[in-house]
Amino acid sequence: MRWTEQIRRDKKTLTRLNGKQKRQFVWDYYKQPILIAGVVLILGICGISMTLRAADVAFYAVLINANNEAQEDPFSPLLTAAGVDMEGKHVDIQANYTLRYEDSSTSDAQTIQVLAALFGIGDLDVFAADQAVFESYAGQQAFIDLSLFIPEELLEQYEAFLYYSESETGEEIVSGIWLREGSFLHTAGYYVDDVLVGVAANAQNLDNAILMVKQLLEDGSLGEESSS
């Protein structure tokens, strides 16, 4: 009742003020709730925008130390071949991050911060990088054990392309797949040297990411020696 009475009195006051005075009165007395309402509105808009964006994305791929001039999407054909309905969907590829541990440049420091956030909130599903970078994140248990999701016979067929690391409990897991010259990422122009690809432990699009890796193995699109 106290607030109701206050609002009633404020309405009477407003009737005696001109336009500029009314705006100043409202701001002076209702600044806090106005600011709170504004923040809630902005957060709501951001949430809706992120939801709509996520609905169009099959998965998020981050390619470190890649050629960011490459434009081709080599992931979507693998998903389509795996039976994923890609109508109205795409793979969000970020290939503009550099990280070289011998370099202490600002961009590399920013990449470390960005990756910490992406791995933490699950806004990263598929990760590709050279061995030094991949190893550093594998050592932090950043990737799933692919052997839990990929048929054993398929893994055995491409044993030479498997990358192993230790889990938190000290067990050996398959955390990555080697991609060599002639692989789907190399022919798309993203890499020249050998790289590793893995699926993030906190991936929000885990199913699609795993389907992509499985199809990658089934197609043998790993590069040289893939027929061995």
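Okay, let's start with a term: by a nonpolar core I mean a set of buried Ala, Val, Leu, Ile, Met, Phe, Trp, Tyr and Cys residues joined through side-chain atoms within 4.5 Å. What you have up there is a predicted model, and its largest nonpolar core has 62 residues. Phe75, Leu115 and Phe127 are the ones with the most contacts inside that core.

Take Phe75. Leaving aside residues up to four places away in sequence, Phe75 touches Phe59, Ala61, Leu63, Val91, Ile93, Val126, Phe184, Leu185 and Met212. Keep Leu63 and Val126 in mind, as they come back in a moment.

Now, the sheet. There are six strands, and they form an open sheet with mixed pairing, in the order E2-E1-E3-E6-E5-E4. So which strands sit at the edges? Strand E2, 90-97, and strand E4, 162-166; each of them pairs on one side only. On average, neighbouring strands in this sheet are turned by 25° against each other, if you ignore direction.

Let's zoom in on strand E3, residues 126-129. On one side, E3 runs parallel to strand E1, residues 57-64, and three bridges join the two. Across that pairing, Val62 stands opposite Phe127, and Leu63 stands opposite Ala128. With E6, E3 pairs in the antiparallel sense, over four bridges. There, Ala129 has Leu196 as its bridge partner.

And the E3 side chains, buried or exposed? Val126 and Ala128 point one way, Phe127 and Ala129 point the other way, and all are buried.

Next, helix H5, residues 131-138. H5 lies across E1, E3, E4, strand E5 (172-179) and strand E6 (195-199), and it runs at about 135° to E3. The buried residues of H5 are Val133, Phe134, Tyr137 and Ala138. They cover an arc of only 135° around the axis, so they end up on the same side of H5.

Before anyone gets carried away, a word on confidence. The protein averages a pLDDT of 84, and 72% of the residues score at least 70. Among the elements, E3 has the highest mean pLDDT, at 98, while helix H2, residues 19-55, has the lowest, at 55. Where pLDDT is low, the predicted coordinates should not be read in detail.

That's it from me, over to you.

Conventions:
Residues numbered from 1 in each chain as written. Predicted model: local features only at pLDDT ≥ 70, side-chain atom pairs only at ≥ 80, totals over all residues. Heavy atoms only, no water. Buried < 20%, exposed > 50% of the residue type's maximum accessible area, 1.4 Å probe, protein only. Arc of directions from axis to C-beta. Pairing = 2+ DSSP bridges. Axes fitted to C-alpha atoms, helices over the stretch in contact; angles between N-to-C directions. Contact = heavy atoms within 4.5 Å. pLDDT = per-residue confidence, 0-100.
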